[in-house]
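The entries are in the order in which I looked.

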Amino acid sequence: MQQFLEESKKISREIATLSGEVKNKVLLEMADALMEHCDFIVSNNEKDMSVGKLGGLSDALLDRLLLTGERVEGMAEAIREIATLKEPVGRMLDGWVTENGLNIQKVSIPIGVIGIIYESRPNVTSDTAALCFKSGNVCVLKGGKEAEHSNKAIANVLRHVLAKNKLPEQAISLLPDSSREGVDKLIKQDKYVDLIVPRGGEALIKHVSTNATVPVVKHDKGLCHVFIDKDANHNKAIEIAINAKVQRPGVCNSIETLLIHKDIAAYILPPLHEAFVAESTELKGCDDTRQYIDIQCATHEDYDTEYLANILNIKIVKNVDEAIYHIGKYGSGHSESIISENYTMVNKFLNEVDAACVYANASTRFTDGGAFGLGAEVGISTNKLHSRGPMGINDLTTFKYKIYGQGQTR
C-alpha cells in the first residue's frame with residue numbers, strides 16, 4: 001500500500017503540470033473509448049447485477065448499480081462536458097502589491113492525490129476520474145464490491161487511454177487492497193494522500209470521518225425536505241413534490257419528508273395522496289396528517305431515516321418557522337426546498353435554512369454536478385469546509401501564493 005501510494009504521489013507532480021490542451025484531448029479520447037467499449041462495460045456490469053440480485057440487493061441499489069448503453073453514453077457525455085469547462089489550474093484568484101513592492105498572486109493548483117471511496121454507482125468511477133484528471137490530480141478509487149467488475153472495466157478503459165498518450169496509468173487507479181483493512185490503511189496515509197472523499201451509506205461516512213488522518217470532505221446522507229407554504233401554487237407544489245420523491249427515489253437528492261402548512265392541509269393533502277398512490281409511494285404521516293388521509297403513522301425514527309426508496313413522510317407544520325426548525329433537527333445539510341408565491345417567506349427560508357443547496361419553487365433533484373453545469377461531481381459535500389454542495393473541478397483545487405520581488409529583505 002505504501003509503495004503504491006508513494007508512486008501515486010510521485011506521479012501527481014507530473015499530472016499537475018499538464019497543459020489544459022493535453023488534458024482536454026485525453027478526456028475526449030476517454031469519452032470516445034467508453035463508447036467504443038460499451039459492450040465490454042455493460043457485459044461486466046451484468047456480472048455485478050447477477051451477483052446483486054442473488055445477494056438480495058434492494059431495487060434502489062440495483063438501479064444505482066445498473067449500466068445500460070444509454071447510461072454509458074451519459075458517462076461519456078459527462079466527460080465531454082468536463083473537457084469543455086474552463087481550465088481550473090493556474091487561475092488567478094487574487095493579486096496585489098504590498099507597500100514594499102512585493103507582487104503577491106494567489107493562484108489555483110491541484111490538491112495532489114485524492115482517494116475516493118464510494119458504493120454502488122459505477123458511473124462514479126468515470127466521473128471522478130475525469131474530474132480529478134481535468135483538475136490535475138491523481139485519483140485512487142475504492143468502489144463497492146457490488147460493482148467490482150463494472151469499476152474494473154471502466155478504469156481499464158480510461159487507463160488504456162492514458163497509456164496511449166504516454167501518460168502514467170496510475171494517474172487513475174483502483175485501490176489494490178479493496179478490503180476494509182485496505183481502506184483503513186488508505187485513510188491514514190496522510191504523507192501520500194492529500195484528500196479523502198467518501199460517498200455512500202451513513203456507516204461508511206462515519207467510519208472514514210472518525211478514523212482518517214487524511215483531510216476528509218464528506219458526501220453525507222441526503223435527508224432532504226420540501227415545504228409547501230400556505231401561499232403555494234397547489235398544482236406546482238404537487239408536481240414538484242412528486243418529482244422530488246418519485247423520479248428517482250434511490251438517490252441522495254430525493255426527499256424523505258414533505259412538510260405542509262396547516263392552513264392548506266385540508267385542501268392539498270387529498271390530491272397529494274391521490275398523486276402519490278398513483279406512483280405506488282408508501283406514505284407515513286403525523287397525527288394531524290392522518291386526520292385528512294388514511295396512511296401509516298410516522299415516528300421520530302422515520303423522520304431521521306434516509307429511505308433511498310419510494311417511501312415518504314408527511315408532516316403538517318404551523319408556519320415557516322416550524323418547517324425551518326424541523327429541517328434543522330432532522331436535515332443532513334444537503335438540499336431543501338420551499339414552494340411559495342410569497343417571496344418574503346421564500347427569502348426567509350432560503351436565508352435561514354442551513355443546507356448546501358436551498359431551492360425556491362423547484363425540485364431538490366437538481367442538486368447534481370451535471371444539472372449545475374459542472375459536467376459531473378465527485379460528490380455532494382455536506383461539509384462547510386473546504387467544499388459544499390456539488391463538488392466539481394474547482395473544488396478539487398487548492399491554491400498557493402506566488403510572490404515576485406526585486407531584492408526585498410525583511
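Entry 1, ground rules. I am working on a predicted model, where local features need pLDDT of at least 70, side-chain atom pairs count only at pLDDT 80 or more, and totals for chains, interfaces and linings use all residues. Residues are numbered from 1 along each chain as its sequence is written, and side-chain values use heavy atoms, with hydrogens and water left out.

I looked up the ring pairs and found four. Rings of Phe, Tyr and Trp (its six-membered ring) pair if their centres lie within 6.5 Å; planes under 30 degrees apart are stacked, over 60 edge-to-face, and the rest tilted. One of the pairs is Trp96 with Tyr401, edge-to-face at 6.3 Å centre to centre and 75° between the planes. This pair links distant parts of the chain, with Trp96 in strand 1 (residues 92-97) and Tyr401 in strand 16 (residues 397-404), 305 residues apart. I take helices (H or I, at least four residues) and strands (E, at least two) as DSSP runs, numbered from the N terminus.

For accessibility, buried means under 20% relative accessible area, exposed over 50%, and partly exposed in between (1.4 Å probe, protein chains only). Trp96 is partly exposed at 36%, and Tyr401 is partly exposed at 43%.

I then took Phe227 and Phe349: their ring centres are 6.4 Å apart and their planes at 20°, so the pair is stacked. Phe227 belongs to strand 7 (residues 224-228) and Phe349 to helix 14 (residues 343-352), 122 residues apart. Phe227 is buried at 0%, and Phe349 is buried at 0% as well.

Trp96, Phe399 and Tyr401 form one aromatic cluster. The charged end of Lys106 sits over the ring of Phe399, 4.3 Å from its centre (the criterion is NZ of Lys or CZ of Arg within 6 Å of the ring centre and within 35 degrees of the ring normal).

Helix 3 (residues 38-54) packs on helix 7 (residues 148-164) at an angle of about 160°, with the axes 7 Å apart. Axes are lines fitted to C-alpha atoms, for helices over the stretch in contact, and angles run from 0 to 180 degrees between N-to-C directions. The two helices are therefore roughly antiparallel (under 35 degrees is roughly parallel, over 145 roughly antiparallel, 65 to 115 roughly perpendicular, the rest oblique). I listed the contacts, meaning heavy atoms within 4.5 Å. Residues of helix 3 including Phe40, Ile41 and Asn44 meet residues of helix 7, among them Ala153, Ile154 and Val157.

Is Asn151 buried or exposed? Asn151, in helix 7, is buried at 4%. Leaving aside neighbours within four places in sequence, Asn151 is in contact with Tyr118, Pro122, Thr125, Gly143, Gly144 and Leu174.

Helix 10 (residues 234-246) and helix 11 (residues 265-278) pack at about 40°, with their axes 10 Å apart. That makes helix 10 oblique to helix 11. The contact includes His234, Ala237 and Ile238 of helix 10, and Tyr267, Ile268 and Leu272 of helix 11.

Arg365 lies in the loop between strand 13 (357-360) and strand 14 (380-381) and is buried at 17%. Its contacts, leaving aside neighbours within four places in sequence, include Asn243, Ala244 and Gln247. The C-alpha atoms of Arg365 and Leu272 are separated by 19 Å.
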